[in-house]
Amino acid sequence: MSLSRRLILKATTGAAALAMLATGALAQSDPLRVGLGDIASVESLNLLIAMERTKERGVPMEMTFFNSEDVAVQAALSDEVEIGVGAPYAFMANSKAPIRMFYRMSTLLFFPVVNSDVYSDWTDLDGEEVTVHSRGSGTEALMRLMEQVHDIEYSNLSYVPGSEVRAGAMLQGTINASIVDATNFRLLQEKGGAKFMRLPLDGVNATDEALYASAETLEARADDIQIFVEELLRTWQDIADDPAIVGELRAQYDLLPDLPEDVATEAVPYFAEAAENGIYPLDGGEPQDARDDIAFLAAAGQVTLNPDEVDPTEFWDFTALEAAKAAQ
């Protein structure tokens, strides 16, 4: 083979190798897309911070907002997003869909609240309409459970995503019975005073939101998801240690810049209260949590499973979480 021929072959082979490397780099740089069935809000900041920290470690991430958790689940199944946010136990149990939760983000702490000019206790809601977050959400499960506990039946459950949206509707008088988070319950108290009353809620301990993905994604993007989980664990711990860091990191990463100032100032108090109440668990979840969730959902009538007989791996994959903890 002539020298010129060898040089041409070498150059062609080298170019092909570079192209392959470039293609591999491009594939590796595909973002982990997170689908949230809600609107951007203060309570999303911890997740957004963890995503920014994950980006800093070389894993690109994107957030997509959907109209409901149902749509987010379908997006995860159709590969429109890699990761969903929610706790879709009922969907998983009924459909046997190949998705698994892999990180427990928050526990259920909500405030059933009514317009006291209209209602005064749970029994007053018999035959009345109640507004919750979305179909299959923790807010729906909780309100369904209260039907059983208090032997009542709502005339209808309406679905309005966003705790702040439901609180705003209560302030405007368009709804009279709903369920909101701590920040928006405080807002109702500040702006409505005694007009808005919290109904008692005892003995509920369940997952509010978790992260989930298809089994295929969990395997194909295992390294990237592990890094993400490491940053989730770190962020949750940092906020528990000093909730003020939320305000600092929001400014550093320019997160949710369009939030109204009066809402933005609630970020640190919200996470301080959340940390105090243990809303954001620091361990990322464990098998017993799955059994507790099933017990709660069964009591609420959303699933017909026996929590004592449930195999947590039917709903959870703890591989990334265990690897992330081992890497700490």
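## Helix H6 against helix H7

H6 crosses H7 in a right-handed sense (the near helix is turned clockwise from the far one by less than a right angle). This is a predicted model, where local features need pLDDT of at least 70, side-chain atom pairs count only at pLDDT 80 or more, and totals for chains, interfaces and linings use all residues. Residues are numbered from 1 along each chain as its sequence is written, and side-chain values use heavy atoms, without hydrogens or water.

H6 spans residues 163-172 and H7 spans residues 182-192 (helices are DSSP runs of H or I with at least four residues, strands are E runs with at least two, numbered from the N terminus). Their axes lie 9 Å apart at about 20° (axes are lines fitted to C-alpha atoms over the stretch in contact, with angles from 0 to 180 degrees between N-to-C directions). The two helices are therefore roughly parallel (under 35 degrees).

## Two cavities

The whole structure holds two cavities of 30 Å³ or more (on a 1 Å grid over the protein atoms alone, sets of points where a 1.4 Å probe fits but cannot get out; lining residues have an atom within 4 Å of a point). Volume is the space filled by probe spheres set on the points, which are joined across faces, edges and corners.

The largest cavity has about 220 Å³. Its lining has 19 residues, with Glu43, Ser106, Glu209, Tyr270 and Tyr280 nearest the centre. Strand E4 gives the largest share, three residues.

The second largest cavity has about 120 Å³. Among its lining residues are Glu43, His133, Ser163 and Glu209. H5, H6 and E10 each give two or more residues to this lining.

Notes:
Angles under 35 degrees count as roughly parallel, over 145 as roughly antiparallel, 65 to 115 as roughly perpendicular and the rest as oblique. On a 1 Å grid over the protein atoms alone, a cavity is a set of points where a 1.4 Å probe fits but cannot get out, and a pocket is an open set with protein on both sides within 12 Å along at least five of seven lines; lining residues have an atom within 4 Å of a point.
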